[in-house]
Amino acid sequence: MTTPNVIAEMAALRDAALEDLMATSDAQLRQEAMEDGEDIDAIATCVKAKMRETAASTLRQRLSQAKAQSNAKLMVQKTPSTLPTLEQIKQIVQNLFQTDPSLGLAFRSGKKQADADWLSLYDDLVVMGAIKPEDHER
Amino acid sequence: MKPYDLPDNTATTDDVRQAIEALSKEETYRLRKAADILIGGTEYQAPLEIINEAIVRTISAANGESGRRWPKDVPFMAYMIQTIKGLANDSRESSAQTKTDHIEAMAVDGLSADEALGRLEHCHPDIVTTVVELEESQERQDRAKAAADKIDAHFAGDSEITWIIMGHKDGQSAAEIRELAEMTETQYSSARRRFRRGLEKLFPGRRPS
């Protein structure tokens, strides 16, 4: 069957229109917008805001996914046989805070915390790379 | 931060965000107009939808995942327009279309795609789906034909634009069209502008298939 490929022909017309758009000067584009009753500044602001928002939300989503994967890996690593005891964790963290006081300031100096806080603090410091879990395996 | 397995000239996520901020109002407006021209016959309902998809793909690639990589030596505007064009083409070349093209390629001399389908019926596991896809493809061709007829009719009174339409449909270059139509460069540019602007008014909001 040798019917003309209308879809390809339409693609060629779209390309011609696009070529013209790209060859149109900024001043001419503003003139056209004015003639068509379009507010170029308002449209551009709206489009850019949406692009900015999309970029940020995509990045947030990807970082959140990466964090979830990292936490999942950590959970696998933390089997009861390899995780230090709670007393050991307290000792490790306190030693670390003495070695690097800035970490202590960042993590509320490590005093009077619940057991869950100690575990969470330990996890955070492992994620940060300040503690290497393999150095403290039971 | 640049993921370690990307080529050196790949834009980072920060590069992409900075490039968005650096777009002038005219460039941003031009990008919206380009998307408007390119979404015809695609799944995208609005220019912003396809622009956003291009951003999602670009950020993903910059973050080391699958997506569309922006090589920094290509200007951001040019990259965005090519990406939008690629996304629009991908959308038009849906799996249904690809399968239909495959069936049509299998048709031998004197045998239509329908007849080829008939011969395949004994072994094709999902013949109903394929027939539906073929019908959808035919519908798309019909829509494109209707749009092309509308364009031809609209510009019938402007001989310069008619030359441009005919020339581009035949795959001729701008120089060839100018020569055939005996148009100067200025006349050609002016006629092509009238064509684009006429097209925008003929299909407001959505471009033809």
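Mentor: In this predicted model, the contact between the chains takes 32 residues from chain A and 48 residues from chain B.

Trainee: What makes a residue count as part of that contact?

Mentor: Two residues are in contact if their C-beta atoms, placed from the backbone, lie within 7 Å, and on the chain A side helix 1 (6–23), helix 2 (26–35) and helix 3 (40–77) each supply at least two residues. Helix 3 of chain A gives the most to that side, with 14 residues.

Trainee: How do the residues on the chain A side divide into nonpolar, polar and charged?

Mentor: The side of chain A that touches chain B holds 19 nonpolar, two polar and eleven charged residues.

Trainee: What makes the largest nonpolar core a core, and where does it lie?

Mentor: A nonpolar core is a set of buried residues of the nonpolar kinds, joined through C-beta atoms within 7 Å, and the largest such set here has 52 residues, with Val16(B), Ala34(B), Ile50(B) and Phe195(B) among those having the most contacts inside it. Domain 1 (13–92) and domain 2 (155–209) of chain B both give residues to this core, so it lies between them. Apart from it lies another core, of seven residues, including Ile89(A), Phe97(A) and Leu121(A).

Trainee: Which residues is Ile50(B) in contact with, leaving aside its neighbours within four places in sequence?

Mentor: With those neighbours set aside, the contacts of Ile50(B) are Ala35(B), Ile39(B), Tyr44(B), Ile84(B), Leu87(B) and Ala88(B).

Trainee: How do you know that the span of helix 4 of chain A is close to the one expected?

Mentor: Helix 4 (residues 86–99) of chain A has 14 residues, and from its first C-alpha to its last it reaches 20 Å, which is close to the 20 Å expected at 1.5 Å a residue.

Trainee: Why are the buried residues of helix 4 of chain A placed on the same side?

Mentor: Ile89(A), Val93(A) and Phe97(A) are buried in that helix, and because they cover an arc of only 65° around the axis, they fall on the same side of helix 4 of chain A.

Trainee: What elements does chain B contain, and what share of its residues is buried?

Mentor: Chain B has ten helices and zero strands, and buried residues make up 33% of its 209 residues.

Notes
Residues are numbered from 1 along each chain as its sequence is written. Chains are lettered from A and ligands numbered from 1 in the order in which they are written. This is a predicted model: local features need pLDDT of at least 70, side-chain atom pairs count only at pLDDT 80 or more; totals for chains, interfaces and linings use all residues. A residue is buried if 20 or more other C-beta atoms lie within 10 Å of its own, exposed if 12 or fewer, and partly exposed in between; C-beta atoms are placed from the backbone. Domain bounds come from an automatic or database domain assignment. Helices (H or I, at least four residues) and strands (E, at least two) are DSSP runs, numbered from the N terminus. The expected span of a helix is 1.5 Å times one less than its number of residues. The arc is that of the directions from the helix axis to the C-beta atoms. Ala, Val, Leu, Ile, Met, Phe, Trp, Tyr, Cys and Pro count as nonpolar, Asp, Glu, Lys and Arg as charged, and the others, Gly among them, as polar.
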